[in-house]
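I open the notebook on a new model today. I will look things up one at a time and write down what I find.

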Amino acid sequence: MQTDKRILFITYTDFFKPINNMLYNNSGDTVYYTSGISMFYSKGLDSTFMSVQSVIDNLEQDREWARKNFDICIMMEANIFSEYYNQTLADNAHIINTLKIPTFVLGAGCQSTINYSVDFLQNIKENSKKYIDAIKNSGGDITLRGNFTKFALEQLGYKDLFVSGCPSLFLLNRDFKINTSKICRENFKPMLNAHFVSDISNKIYKDYTNSVFFDQDLYLTSLYNPAEVKDIYDSKYKSPFKELYSQNRILGNMNYYMWRKQIKEGGFNFSYGSRIHGNIIALQNNIPAFVNIIDSRTRELVEFFDIPNSMTTKFNEKYDDLYDLYLNLNYDKFNQNFSKKYDAFKEFLNKNNIPNCLDDNNEYLNLVSTFSFYDYQNDLNVQDAKKLFIKKLNKKRFIYKEKDGNRRTLHVFGIKMRYKI
């Protein structure tokens, strides 16, 4: 393998310094990108990591900039094939065409309904073709998140694309296995995740008062600096948020290392919820997870890796016991097949002569562990700030939300605001 290739790795934000604000608003992506960066960050590799905006700025100044400085480009896109990212498909195709170097996209996926509808393709097929053609014409290639994405792209005429799953799980070593031994009920401590706190039944919070909700986006502004919150008026602060917040049971961090530190120090032993990277970061810490499937993204990924999920095991939050669900989790297939999937992904990198440190990928993790992080716990533990935040919560009248496939509608004082999950 050629090891002296110069690699350009494009991200959406700067992952080489602490993320201390909410300009970047999904900590789940930090799990995704940490894994990717770790594969190519090594003293033995000639790798440069840049935000997409910095790449665009350089290309505007010099259209030959990429060819002069790099041999290949690496990008990662979790759910690029969706109506929400239709324009991004076209924009990325333009960037890839302008780079003029082989570009490899890792872990790209579709975003559709839980029943794998391909109706969304009609609205994105033109830009999807531009995007895939740009990758192929560059001399690069693309790996896919799961078999549904492969099926969907076959409808557009693309055959024999490689399914890799989500690269986030390849942060683990080849022989990684989830511990299948069980702990007793008295020591059972679940970590929970969802879009809203209220998406999880109150029964679970009440049954397991040591449980913690790990947020990935909505509440992090308040958690980072609760004294600065000024506009609290929507349903993300609906009950039981206030009760959990006052009990220090809502955690999360935009920085991967700090998030992982919270999990390790918290002594959690089970992960439950619908946020895929909230569950993957648990798996990375050898904590078994159960995924509530909400769309095609989560479904195809858990099917690819054989992660226990709501499609294969029925669980009613309002009536069933979470500990019983944990006792019946079966990670045998995950453990049996993980090394094969790891090897297949590694073979993809090697056959395309992509230098990597997949088997020895701790240098980036060691780097971020040395950063000086702003830790929202400093504010969370200041009682005056907490009291002020709770006081603001009590003054606001809440609204309600409704589900519609993979979208939600917030009714804010009569105004509907739609957004993607």
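This is a predicted model: local features need pLDDT of at least 70, side-chain atom pairs count only at pLDDT 80 or more; totals for chains, interfaces and linings use all residues.

Are Phe338 and Tyr342 buried or exposed? I looked up both: Phe338 is buried, and Tyr342 is buried too.

**Entry 1: Phe338 and its surroundings**

I found Phe338 in helix α14. Its relative accessible area is 2%, so Phe338 counts as buried, the cut-off being under 20%. Next I listed its contacts, leaving aside neighbours within four places in sequence. Phe338 touches Leu169, Phe170, Leu172, Asn173, Arg174, Phe176 and Phe305. I then took Arg174 from that list. Phe338 and Arg174 are 164 residues apart in sequence, yet 7.5 Å apart in space, C-alpha to C-alpha.

**Entry 2: Aromatic pairs**

I turned to the rings. A pair of aromatic rings is described by the distance of the centres and the angle of the planes. The count for this model is 37 aromatic pairs. One of them joins Tyr116 and Phe148, and this pair is stacked. The ring centres are 4.5 Å apart, with 5° between the planes. I checked where the two partners sit. Tyr116 is in the loop between β4 (103–108) and α5 (121–137). Phe148 is in helix α6 (residues 147–154).

Why is the pair of Phe338 and Tyr342 called tilted? Its ring centres are 6.3 Å apart and its planes stand at 45°, so the pair is tilted. That angle falls between the cut-offs, under 30 degrees for stacked and over 60 for edge-to-face. Phe338 and Tyr342 are 4 residues apart in helix α14 (residues 332–351), so about one helical turn separates them.

**Entry 3: Charges over rings**

Which ring lies under the charged end of Arg299? I found the ring of Tyr116, with the charged end 4.0 Å from its centre. The charged end of Lys189 sits over the ring of Phe268, 4.9 Å from the ring centre.

**Entry 4: Strand β10**

In a regular strand the side chains alternate between the two faces of the sheet. I looked for this in strand β10 (residues 270–273). Phe270 and Tyr272 point one way, while Ser271 and Gly273 point the other way. All of these residues are buried.

Which strands run parallel to β10? Strand β7 (residues 190–193) does, joined to β10 by 4 bridges. Strand β11 (residues 289–291) does as well, joined to β10 by 3 bridges. I wrote down a bridge partner on each side. Met191 has Ser271 in β10. Tyr272 has Phe290 in β11. I also traced β10, helix α11 (residues 276–284) and β11, and they make a right-handed β-α-β unit.

What is the strand order in the open sheet of 6 strands? I read β2-β1-β3-β4-β5-β6, with parallel pairing. The edge strands are β2 (46–51) and β6 (162–163), and each pairs on one side only. Inside the order, β4 and strand β5 (residues 141–144) pair in the parallel sense over 3 bridges. Val105 stands opposite Ile142 in β5.

Helix α1 (residues 28–40) packs on this sheet. It touches β1 (6–11), β2, β3 (72–76) and β4. The direction of α1 makes about 175° with that of β1. How many of the 13 residues of α1 are buried? I count 12, and the helix is mostly covered. Among them are Gly28, Tyr32, Tyr33, Ile37 and Phe40.

I stepped back to Ser27, in the loop between β1 and α1. Its relative accessibility is 0%, so Ser27 counts as buried. Beyond neighbours within four places in sequence, Ser27 contacts Asp215, Gln216, Leu220, Asn253, Met254 and Trp259.

Conventions. Residues are numbered from 1 along each chain as its sequence is written. Side-chain values use heavy atoms; hydrogens and water are left out. Rings of Phe, Tyr and Trp (its six-membered ring) pair if their centres lie within 6.5 Å; planes under 30 degrees apart count as stacked, over 60 as edge-to-face and the rest as tilted. Helices (H or I, at least four residues) and strands (E, at least two) are DSSP runs, numbered from the N terminus. Buried means under 20% relative accessible area, exposed over 50%, partly exposed in between (1.4 Å probe, protein chains only). A charge sits over a ring if NZ of Lys or CZ of Arg is within 6 Å of the ring centre and within 35 degrees of the ring normal. Two strands pair if DSSP finds at least two bridges between them. A crossover is right-handed if, with the strands pointing away from the viewer, the path from the first strand over the helix to the second runs clockwise. Contact means heavy atoms within 4.5 Å. Axes are lines fitted to C-alpha atoms, for helices over the stretch in contact, and angles run from 0 to 180 degrees between N-to-C directions.
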